[in-house]
Amino acid sequence: MRPPSQGAERAEVAVAVIWGVLVRLTVVACTLFFLWRVRYVAVTVIFATLLALIVNPVVDWLCARVGWPANRGTRRFVVTLAVFLVLIGLTVGLNLFLMIPFRHELSRLAETLNPERGPLRDTASSLQGWWKGLPPGVRAFVESQDLSLLAARMGETMRSVLVTLLEWMGHVVEIVVIPVLAYYFVLDSRPLKREFLYLVPRRRVKEAVLLLEESGMILQAYAVAQFILCAIAGVVVGVGLWLMAVPYYLTLGVLAGLTRAIPIVGPIIGGIPIVLITAIGSPARGLAVLIFFSLLHLVESKLIMPKLIGSHIHLHPALVLIVLMIGGEFLGILGMFLAAPLAAMLRVLYTFYVLRRPDLVGNRKPRVVAVGAPGSSLKL
């Protein structure tokens with residue numbers, strides 16, 4: 001028979017283990033809840049970081065070639081402010097430039113959609129004649145079908161889209177903050193790095209700097225790849241619609257380029273209104289545009305996009321497609337947008353800490369950052 005003390009000790013150990021597991025699960029749950037609540041803030045910071053990584057090389061190049069003012073800090077402040085003012089001016093000018101054809105083409109679109117005259121009336125008349133020309137048995141079969149389920153699904157889809165749009169519009173403040181954060185990131189990011197590195201043990205500072213730089217290069221490469229894909233989509237769609245004599249090709253090309261920023265589903269979101277607008281004027285031309293968009297989406301999303309993004313962030317194209325689907329399954333459009341760079345960062349962490357191969361991370365040795373007491377040997 002076991003002594004009572006031994007049984008009590010085992011019971012205490014079991015309670016301690018169970019209590020430790022519960023505490024860890026509580027911490028994990030609280031952390032996940034916190035991350036979910038600040039998801040919009042995190043997305044704002046990520047987009048601001050992407051913008052800063054795109055602008056920062058331009059600022060560095062100008063600072064190296066502009067000799068006035070002599071003080072480095074003042075010179076960077078002046079150059080950074082000038083670059084962001086130029087970006088704002090270009091954005092406003094581009095919008096004003098695009099508004100001219102937009103207004104013109106929207107007025108033409110209003111005439112097209114006028115049910116009393118124009119292509120919409122002709123299309124309705126042709127569809128009515130086509131319907132009357134169908135065999136009576138086919139028309140009776142179609143009329144006997146219950147389309148309420150289809151209408152309910154379409155209504156539910158539209159409601160979901162509107163709810164998501166309103167939810168994002170409620171966070172317009174975060175969108176406005178993006179260029180402000182990017183400005184401060186470009187102006188001087190070293191204090192932010194030091195604040196972060198103060199939390200890192202001194203023996204881990206060098207590897208922390210390496211991981212920060214590698215993450216920055218991954219985000220910068222991803223932003224450049226997305227910009228290239230958007231430019232390709234806008235130019236190809238605009239030229240293709242122009243060659244097919246489709247009206248509104250400028251507006252529709254810009255729409256295709258902007259929506260391309262959303263991986264996988266972006267071309268579909270941009271292609272639906274383009275096909276519908278084209279089909280109103282000419283059903284045959286609408287069918288041709290549908291085939292054109294289907295082929296373009298197939299080539300772009302399955303061949304060009306995985307290869308281009310994978311080559312920029314050093315992931316296999318097949319892995320890019322897989323992580324995009326996983327991101328969309330968990331976080332929808334936002335998850336699809338951030339899945340590829342996050343997967344590349346996880347690959348770096350796995351290589352560094354699991355495989356223990358820091359020599360495979362990055363293409364250069366990490367710089368040493370000034371952390372700790374004054375006079376330290378660690379310098380930026």
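**Exercise 1. Which residues have the most contacts inside the largest nonpolar core, and how many residues does this core have?**

Solution. The model is a predicted one.
Step 1. Counting its members gives 30 residues for the largest nonpolar core.
Step 2. Inside this core, the residues with the most contacts are Ile-218, Tyr-222, Met-305, Ile-309, Ile-313, Leu-315 and Val-320.
Step 3. At least two residues of the core come from each of α2 (39-65), α9 (205-243), α12 (283-313) and α13 (317-354).
Step 4. The most is given by α13, with 13 residues.
Step 5. Another core, of 11 residues, lies apart from the largest one; Val-55, Val-59, Cys-63 and Phe-84 are among its members.

**Exercise 2. Find the salt bridges of the model and state which parts of the chain they link.**

Solution. 
Step 1. A side-chain nitrogen of Lys or Arg has to be within 4 Å of a carboxyl oxygen of Asp or Glu. The count by this rule is two.
Step 2. Arg-76 belongs to helix α3 (residues 72-112) and Asp-60 to helix α2, and the two are 16 residues apart.
Step 3. The other pair is Glu-300 with Arg-260, at 2.3 Å from N to O. Glu-300 is in helix α12, while Arg-260 is in the loop between α10 (249-259) and α11 (266-281), so this pair ties together parts 40 residues apart in sequence.

**Exercise 3. Locate a nonpolar patch on the surface.**

Solution. 
Step 1. The patch is formed by Val-13, Val-17, Ile-18, Trp-19, Val-21, Leu-22, Val-23, Leu-25 and Val-27.
Step 2. Together these residues have about 870 Å² of accessible area.
Step 3. One of them, Val-17, is found in helix α1 (residues 4-37).

**Exercise 4. Decide where the coordinates call for caution.**

Solution. 
Step 1. The chain has a mean pLDDT of 76, with 73% of its residues at 70 or more.
Step 2. Among the elements, α9 has the highest mean pLDDT (86) and helix α6 (residues 148-169) the lowest (61).
Step 3. Over residues 363-380 the pLDDT is below 50, and this stretch has 38 contacts in the model beyond near neighbours in sequence.
Step 4. Where pLDDT is low, predicted coordinates should not be read in detail.

Methods
Residues numbered from 1 in each chain as written. Predicted model: local features only at pLDDT ≥ 70, side-chain atom pairs only at ≥ 80, totals over all residues. Heavy atoms only, no water. Patch = residues over 30% accessible without salt bridge, like charges linked within 9 Å, V, L, I, M, F, W, Y side chains within 5 Å. Areas by Shrake-Rupley, 256 points an atom, 1.4 Å probe, with all protein chains shown as cover. Helix = DSSP H or I, 4+ residues; strand = E, 2+ residues; numbered from the N terminus. Core = buried A, V, L, I, M, F, W, Y, C linked by side-chain atoms within 4.5 Å. Buried < 20%, exposed > 50% of the residue type's maximum accessible area, 1.4 Å probe, protein only. pLDDT = per-residue confidence, 0-100. Contact = heavy atoms within 4.5 Å.
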